[in-house]
Amino acid sequence: MRFPRGLAGKGVGRGRVFGVLAEFETVAQVLAAAERVRQAGYQAFDVYSPIPIHGLDEAMGIRTTRLPYLVAAGGASGALLGLALQWWTNAVDYPYLISGMPRFFLVASVPVAFELTILLAALGAVVGMVVANGLPQLHHPLFALEEFRRASADRFFLCIEASDPSFQLDSVRELLAAAGASQVLEVER
Amino acid sequence: MKGDGPAHRFLFPQWTNSLRPWLGVVLVGLPVYLVVLVWLGGSPKTTDVGYAPQQPVPYSHALHVRQLGLDCRYCHNTVEVSAVAAIPPTQTCMNCHAKIRTESPKLLPIRESFATGKPVAWVRVHDLPDYVYFNHSAHVSRGVGCVECHGRVDAMEVVAQVAPLSMGWCLDCHRDPDPHLRPPEQATSMTWTAPGDPREYGRQLREASRIEPSTECWTCHR
Amino acid sequence: MRARRLELGGEGRVETGPDSIRAAADSGTSPRSAGAGETASPGPGEQPGVGGGDGKGYWRSLEELTQTPRFRTFLEQEFPGLEEELASGASRRSFLGLLGASVALAGLASCRWPRELILPYANRPEGLVPGVADRFATAVDLHGAGVGLVVTSVDGRPIKVEGNPLHPASLGAASALAQALVLQLYDPDRSTTVVRREGGQAVAATFEEWDAFAAVHFARLAERGGTGLAVLAEPTSSPSLHQLRHRFAARYPRASWVEWEPLSDENRRRGARLAFGAGVRAQLHLAQADVIVSIGGDVLAEGPMALAHARAFASRRRADGLDMNRLLVAESVLSLTGAAADHRVALPPAALEGFILDLAAELAQRGVAVPWSARPLSPPGSPARRFAALAARELQRAGGKGLLLAGPRQRAEVHALVYALNVALGHVGRTVSFTAEPEGEGGGVEELERLAAELEAGAVDTLVILGGNPAYDAPANLGLAELIGRCPTSVHLSLYDDETSVRCRWHLPRAHPFESWGDVRAWDGTVSVTQPLIAPLYGGRTALEVVAGILGHAASAYELVRQHFAEKLAQGDPERAWRVALADGLVAGTSLAPLEPALDAEELATAATQLADLRVPSGLAVVFVPDASVHDGRFANNAWLQEVPDPLTKLTWDNAALVAPRTAAGLGVGDGEMVRLEVAGRTLEVAAYLLPGMAEETVGLPLGYGRSRAGRVGSGVGFDTYRLRTSGALHTAFGVSLERTGRSYPLATTQDHHAIDALGSTERSRRLGALVREGTLAEYLADPEFARRGESKEGVRPLWREVKLGGEHQWAMSIDLSACIGCNACQVACQAENNIPVVGKRQVLRGREMHWIRVDRYFAGEVDAPRVVFQPVACQHCENAPCESVCPVAATVHSDEGLNQMVYNRCVGTRYCSNNCPFKVRRFNFFNYYKNLKPVEKMHFNPEVTVRGRGVMEKCTFCVQRIEAARIAAKNQRRPLVDGEIVPACAQTCPTQAIVFGDLADPTSRVARLHRDPRSYGMLDELFLKPRTRYLARLRNPVAGEEEA
Amino acid sequence: MSTAQLLLDNTGEDPRRRAPLVLGEQDFATVTEKVCGIVERPRPPRAWYVAFGVSASLTAVLFAMLGYLFVTGIGVWGNNIPVAWAFDITNFVFWVGIGHAGTLISAILFLFRQKWRTAINRFAEGMTIFAVICAGLFPLVHVGRPWLAYWLFPVPNQMQIWPQFRSPLLWDVFAVSTYFTVSLLFWYVGMIPDLATLRDRAKGTVRQVVYGILALGWRGSGRHWHRFEKAYMLLAALATPLVLSVHSVVSFDFAVSKLPGWHATIFPPYFVAGAIFGGFAMVLTLLIPVRSLLQLEHLVTLRHLENMAKIVLATGMMVGYAYAMEVFIAWYSGNPVEAFTFRNRAFGPYGWAYWLMVFCNVLAPQVFWFEKVRRSPWMIFAVAVLVNVGMWFERFVIIVTSLSRDFLPSAWGKFVPTPVDLLTLAGSFGLFLTLFLLFLRFGPMIAMAEVKSVMPEGGLELGPHRGHGQYWGEIPHQHEQQFEEER
């Protein structure tokens, strides 16, 4: 357990700090740490890991997303669009006689309506997720840290951000160190 | 990472995050653009209307029709009996121009044609695709005026295409002929206007002479 | 028609023809735009014309690239088949439309279709309305007698041939051959100039040179009375030519005038001379005959009166008056008449020649006064004897209302005895009458042999050949080709620079019948005037003009014909009579008067004994038959006829040695195998075709193929069977040897593509009964509804609420299988009317023929004595058309008048509609078949029908262009359409009127009545298609108890 | 039993312990190293170059043939009337079928919490995308006038006319394009975390930029993971019915028609089963060589292969059942035309194709009843190849035999392929393999994040539900009961 050289002592202007980042070896540690940080009353903090960690939602107290409603809406509009499209084009705008069939033929309209349902629902899911996550976000302060590159491979990080009202550089660093971080780093914005 | 030293690290600059909205614009805009391209770009309305090629003889409809008061049928005399409103033979021009403006250089091609029997090569303005079968007699004898498709030819020094002559444009009239109908004898009039509401007047004409424009494919495509 | 012709004589045509044609040709008239006025436009299948446009620059360069010879040759090597390449004009346009879209935001005005030019007449002829079709009556010489035609002409271009309803030999119908004349007219391979050949070198010359030469040369011949002058002409019925022939005889007393045609009816004429000692011509009245017995021949499809005979025959096959006739046929080679027979026996030629004796004997036994001591030839119990007995019984029962016929390939003696028996049975005056043989009855093979001898001896130094192609079709043993080559001065007048021309000193391009004035005499004597429909495209001359030239005072055919007309034919005011003759297409009251010739008893007796004493070598015999497509070879370069399948073999682009399956099995010959035939030392390798219904020990050899100088279409197609034909055995050759070569040859048939396996053929025969419903007259009388037996009474119920068709008319068609004789006339009519492309042998082999209407031919019963049935199949215009629901772009949709509309310009070519069509009547443009046409080739197009480009589906439209034309005309005149006003091309030309089209909404219309007929049924009705084309079940009238045809 | 075997054999069923899905001394680092190593190594093995050379040249052939087709016409193929569809649609259905395994493995196995999916799903999804690309090619080029193919989409136009929505071909357009879009999204979304890994490990600037953009700036934030899992599960839930619907719709092209041998209600399930069958076979055909080539035995274990072999066996039997049922119905329905069609299939001109199909699709897979076969990769490979052949011929038999002999014997015909037909088919394989090899070279062919999360280190047992259930996506009710216990 060591303090990173170069950061020790030097009072870094709070304005230039994005947050404090702690690195953990295992899922267990980061889970525990997250629990702790939350209980310590921080909101503006996040965990970074190569895999989704189970129980992390509870540990961090993440509210369940409302994505499913968006998807449902997408599906519903897809179905309606499909039926409306086929009814309006083939029965209203340019009707023609086909094999003695009704001009609007519900049975024959099912496949297209179904496919459109799926399509819009799926688009809803993906676009919803990407937008809600604020992606694409090619630039982020964390990317500047060499150490953070392992966040996508085999290390787990927890970052308490300076935007948190109760953010205190030293106390935060303490807290994280105590939570068993293998190293604690300051992140510049 | 294994032993190999810290490589050069590329970082996306801050401003890249501000591109996000534009991404959305592109993703939504591209399909829309393509649709509009087919819809409007592919339409004769954009490609054909206003086409006014130069003719071998600078024949002025404005002069002959408005000032001299020629009827369309004086030259296009097959319009009531044939599918085509034939371009007149050189003979027709010479009926007058054997005496009038016999020296005019503009009329040289006409005189040559008359002398040699070789036709004058006029440039076609209203050019339907080869798979479209339009019949002038069918329309004129039902009281669809020349002006409906050809516009105010009597005002044209050089004949230009005014209507798109697109399939959709034809269908509009075939589905709702009323506003476009007039008494057959008025077909060639450039100035005729319906007494009162054109739609109402047209409806009476249609019912009177049982005009049922067909929208079946084979009416125009065979 | 009458009115029109009255107000403008045929001359008008001649002067005005050139303008329009040249105008059109110069700037490459597209078929369609010809209809759209006198315009010249790059239509489908052409390069875009002059004019700017961003889009086109690209196409230009691409085309230029593809034009470079190096690239072309590369393609030919690398990708054979790339001839049919690049998008059609129509599709190119859509493509340009797209390009337009792509530059939409950058100067749209620049992007337009190729610029079109309009070329109006400088001086439009009186009464010609651009875009409105004219119809002119004319007549042509086919099979040695005149047939009346009505030719439709648009803007000076003849485009469609139909029969002349007023003409006795046509009655409104036209044979496949006659209809194909219009394609021949525009054949780019026709010779375009006079050719002089010196020492193997061909030099283009002019008619002026010829006239100059002829003036001197024939003057000299005249001085020596025509010694050394010989004329070899096709038999012709032209009165004015016969008149010239008299003048010829007067001027050249010592010259000889020989007539030769490979398929003449010489035997019939000699037979008449035997029987009556005079030239007598039989006029058949089939409609009056209750029983018809035919020995060989093909009375329904062969000869100048075939159309009239077919009409008369069919008039007694329908179930409406129940006086159905009965046809008995004895023949060696299966023919259409044989296919229509109620009883048929296939006899080898030897037995067939004696059959008349067997028949006579049977009749004599039954107490008929046969004017010679009749002894049967065939052994008792033989098929010939049994059939003779049956025929005799039927003839006698007919009580004078029978008719006995012999075909042109039967010996003169047979004809003589047939005449005699007809007299003896009291048929004369009822079912057959006799008229005189009009002057100039065509010569014969002896004349030709004499001429050959003279040539051999060098006695002839000037040989004038008027038409025909003797170097190709003369008997092989005469070596005429070589002899003609040896003749110092030889002249050949013909449409093509052909096998004969190439051996002559002079070749004179002949004017096509549609380009020339002339006159012809129909079989019954009726004279018609042939009037030109277009000025000679290549300035050709007619036989009349050439002969007149030879006679020393040149005159135009028009003058000659009018002169002869005024002298011999005109009654009353010659001018008026002339115009009426032109308008009607015939000169009233010129038919031959009947006469009562007396039989020459001892001639008959000798004939009978000669026949009885005939000894022919046993073994295989060869029978030479005319080909249904190219006749005697003169139509070899006609693509329509090459591709129209033979009615019985369904063979295209070939002829073949027709052999009975059993005989073939005996010889170990397989279908499509090359065999070597040897006849009297002459050998020929030819592909064998196994045709059920052929007599055993018989090889049928269709003539007219294997031409070497027919043109681009016909040269090298098929096998030259003339090489086996000798003057001694013109029609039948005995003592033939046949050996296998083991090699096989691809025969392109349109039915049973690729021989069918056992599984398939059994299934085919199992289904036949349901597809083609047949019954005997007896069955019909017992149960008129026999055809609908097995159909579910309550019908099929739809899965959905059906949409009612609200149209004012409901179009429908009825096809009477009892009347259809399978003659192909409808197929060619459809091809001509609808601009249907010809695809060639390779594509037919792949199964891509384009005919909108096909005549399905099925064999029923056992292979040796099959029953043949024909069933014309075109789009059935199903009310619940399966093709419509599967098209993703609505390119085929239903009209509220019940038409299944196919919209070419909307079609993207998924071909799903064809897959889902149970009748497989849809045709797909696998290539752009109309690429790179010469202007003259475009002239036959019907401007009222779109020329389809590559990648689109097409099919029968019920000739919608005719429906719309009639509808517009009627509406313009503010009158309702009348039944029969609209006639599709197939129905119009059907010789037996088997096809009827009309309006179901009018319950009194013919088609409505026929659809209510008890015989009426719809094919595959179990699929709930509700086809608008319904068939009338076929009725046959066999003798009860006797085994059938 | 040697350690190697111990390490590599996880096929045994031992009720006491869950069989490990990742073998050998593996942890996150080694897995990352293994998978990324494939992409990051300076140059791929020679075998890759050889394969790529071959497939790239085949692709060139494909485009040459298509160019020829475009300028000349459909006639360059053997198609005719009556056989208006032949190789073109056969290839289409074949490739669409292949395209099913990917999304199926991903989506359905995912929903059924089949953890063994993780090693192969990325691979299979990639295959799906490429197969659907090949499939999509054929409907486009098989039309007579391809430049007008855009008429199949409901785009407003100056003709004021619209597509005809009663046509199964139009259903195809919607089904296939939807399937392609959704599969693509599914594939890509799942790949984002791995792309981030590649980005973070990348050396060269170019790779950093490219992977950086593709990874959308993913940084593994817990809040992001939360929405990500939800979205991924929803996609899976949507993709599953989609997979089933797409091949049903494809089967409508035939089932809705009037043709004997096509007009059958059994087609949708029959086609779907066939698609899964063929799809899995194709996965195995590709996976087994790649696995040994890139030494992935630790990640793509025998157990994975065996499971797939079992699925092939099962679906193969379904297909066999469908074959039998078709024939039975043809007889039972009493429809003579239908009956003949099947007699003709078996004993007619194309009988050889029919029996080849039966052998490859029904008989060959039966060897999977034997454990020995199921556990020898190369035996599996052999069978898989046979199945691929069989499935192509299945479509060929359905299309060509029915068309060549339908209702009117007079209109019967025969189809003979041209060289262009054959080269086009070969070319489509070239295109497929080219894309696939490129993916191997530049993409994360194994879903690292997913594999990791099923490893012990993944800490499944730490989660509220102690490692039971799935590795991605939550199971709410389990949470509740979890908290009850904790209170």
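Let me start with the cysteines: searching the whole structure gives 0 disulfides over all chains, where a disulfide is taken as a pair of cysteine sulfur atoms within 2.5 Å. This is a predicted model, in which local features need pLDDT of at least 70 and side-chain atom pairs count only at pLDDT 80 or more, while totals for chains, interfaces and linings use all residues. Residues are numbered from 1 along each chain as its sequence is written, chains are lettered from A and ligands numbered from 1 in the order in which they are written, and side-chain values use heavy atoms, with hydrogens and water left out.

For B:C149, the closest cysteine sulfur is that of B:C173, at 7.2 Å, which is too far for a bond. B:C149 is buried at 18% relative accessibility, buried meaning under 20% relative accessible area, exposed over 50%, and partly exposed in between, with a 1.4 Å probe and protein chains only. B:C170 has its closest cysteine sulfur in B:C220, 6.4 Å away and again too far for a bond, and B:C170 is partly exposed at 32%.

Staying with chain B, B:V36 sits in helix α1, residues 20–41 (helices are DSSP runs of H or I, at least four residues, and strands are runs of E, at least two, numbered from the N terminus), and B:V36 is partly exposed, at 35% relative accessible area.

Turning to chain D, D:P268 belongs to helix α9, residues 267–293, and is buried at 15%. Beyond its neighbours within four places in sequence, D:P268 contacts D:S248, D:S251 and D:F252, contact meaning heavy atoms within 4.5 Å.
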